[in-house]
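Try each task before you read its solution.

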Amino acid sequence: MRTRIRFIINPISGVGKKGIIPGLIERYLDTERFDYDIVYTEYRKHAKELAYQSSVEKIDIVCAVGGDGSVHEVGTALIGTKTKLAIIPTGSGNGLARHLNIPLNIEKAIQNINAMHVMQMDTVLVNDKPFLNAGGYGFDALIAKKFDEGKKRGFFTYIKLVMREFFKYNPVNVSVDVNGQVKSMPVMLCTIANASEFGNGFCVSPKSDVTDGKIELFLLKPFRFWSLPLLAFQFFRRKTDQSKFAEIISFEKARISLSKSMAHYDGEPFDVRKELNVQVVPKSLHILAGKK
Ligand SMILES: Nc1ncnc2c1ncn2[C@@H]1O[C@H](COP(=O)(O)OP(=O)(O)OP(=O)(O)O)[C@@H](O)[C@H]1O
C-alpha cells in the first residue's frame, strides 16, 4: 500500500526562500511509494489545525516544513495518534531536527523521509501543555518572547537579542521538587530538556535522549559577565555538564514553582501558571529521525 504524506509549509520560517520546496519534493521524494500533497500555513497555530485534521484523515505522515515553532505545532497535534511526524528544517534554530540528525539540507531531508527511520519519542507535559524538545522559564523564555515580537528571523537575530537583553535580566527564583528532594535558588536558566539543544548547536543538556523515558532539568546559576566566554564555549561544545554554574537533574516527574510566569515551549512563548507539574510521556509520538 502507498504511504500518504502531507507537507505543511510555514512560508515565514527562517530566512531562506520556500518557493523552491514543492519542486524539490517532486524531484526527490520517492513517488513510487508515497502519495503526497502540500498545504501552507496562513496564520499562527494554523499548522496545529492542519496536522490535527491530517490525523483525523488517517494520513500516515505529516511533515512540518519550518522551524521549531512549526515542529511544535504539528508534533503536539500528533501526540498519541498513529500519524508520524517528519521534519524538513527551514527555521532559524531547528533544535529538534539537529538533535535527531535530520539533514539541514532540504534535498537530503526529503531523501531522509524516503529512508523511513521511524522511532517513538517521548514528549513532555507541563500542566496541560505538551512540548517535544525543550521548555524554559528563565532568560531563554525572554529571548523567545522578544524573537517572536520582532520582524527579523534567523540565527543573528538571536545573537543580537542575547547581547541586548543579558545585562538587564534579573534571575528567576525557582523551587524544584523532584521525588521529595527540594531545591530553591535564583537562576538564569531553568530549562526542561527532552532533547539536547535549543538550536544552532546551542546545547543545554548533552546527554538528553528523546527515547530514554526521562527528561532533564537544566539549572544555570547567576554568573558574572566575564564567565560568559567560557560558558558560551561549553554550550556550543556540548560540555555544560562540566560548568560550575550548571546543575542537570534527570527525572520523570517534578513540581516547579517560579517567581515569573514567562515561558517558552519549543521556542514558542507562553504565559504559564507559577506552579508547574512536569512529566515525561514516554514513547508518545511516532517520528521519522535521521540516520544515527
Ligand atoms: N503564514 C503565517 N503568518 C504568520 N505567522 C505564521 C504563519 N505560519 C506560521 N506562523 C508562525 O510562525 C512562527 C515561527 O515559525 P517557525 O518556528 O517555524 O520558524 P522560526 O521561528 O524561523 O524557526 P525556529 O523556531 O527554529 O527558530 C510560529 O509561531 C508559527 O505559528
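Domain bounds here come from an automatic or database domain assignment. Keep in mind that this is a predicted model, in which local features need pLDDT of at least 70, side-chain atom pairs count only at pLDDT 80 or more, and totals for chains, interfaces and linings use all residues. Residues are numbered from 1 along each chain as its sequence is written.

**Exercise 1. Find the domains and say how far apart their centres are.**

Step 1: the chain splits into domain 1 (3-121) and domain 2 (129-282).
Step 2: take the centres over C-alpha atoms, and you get 26 Å between domain 1 and domain 2.
Step 3: check the confidence. The chain has a mean pLDDT (the predictor's confidence in each residue, from 0 to 100) of 95, with 100% of its residues at 70 or more.

**Exercise 2. Work out which elements of domain 1 touch domain 2.**

Step 1: count contacts (C-beta atoms, placed from the backbone, within 7 Å). Here 18 residues of domain 1 meet 21 residues of domain 2.
Step 2: list the elements giving two or more residues to the domain 1 side: α3, α4 (95-99) and β5 (117-126). Helices (H or I, at least four residues) and strands (E, at least two) are DSSP runs, numbered from the N terminus.
Step 3: pick the largest share, which is the six residues from α3.
Step 4: sort the domain 1 side by class, giving six nonpolar, ten polar and two charged residues. Ala, Val, Leu, Ile, Met, Phe, Trp, Tyr, Cys and Pro count as nonpolar, Asp, Glu, Lys and Arg as charged, and the others, Gly among them, as polar.

**Exercise 3. Describe how α2 packs against α3.**

Step 1: look up the partners. From α2, A47, K48, A51, Y52 and S55 meet S70, E73, V74, T76, A77 and L78 of α3.
Step 2: class them, and this contact has six nonpolar, three polar and two charged residues.

How values were computed:
Two residues are in contact if their C-beta atoms, placed from the backbone, lie within 7 Å.
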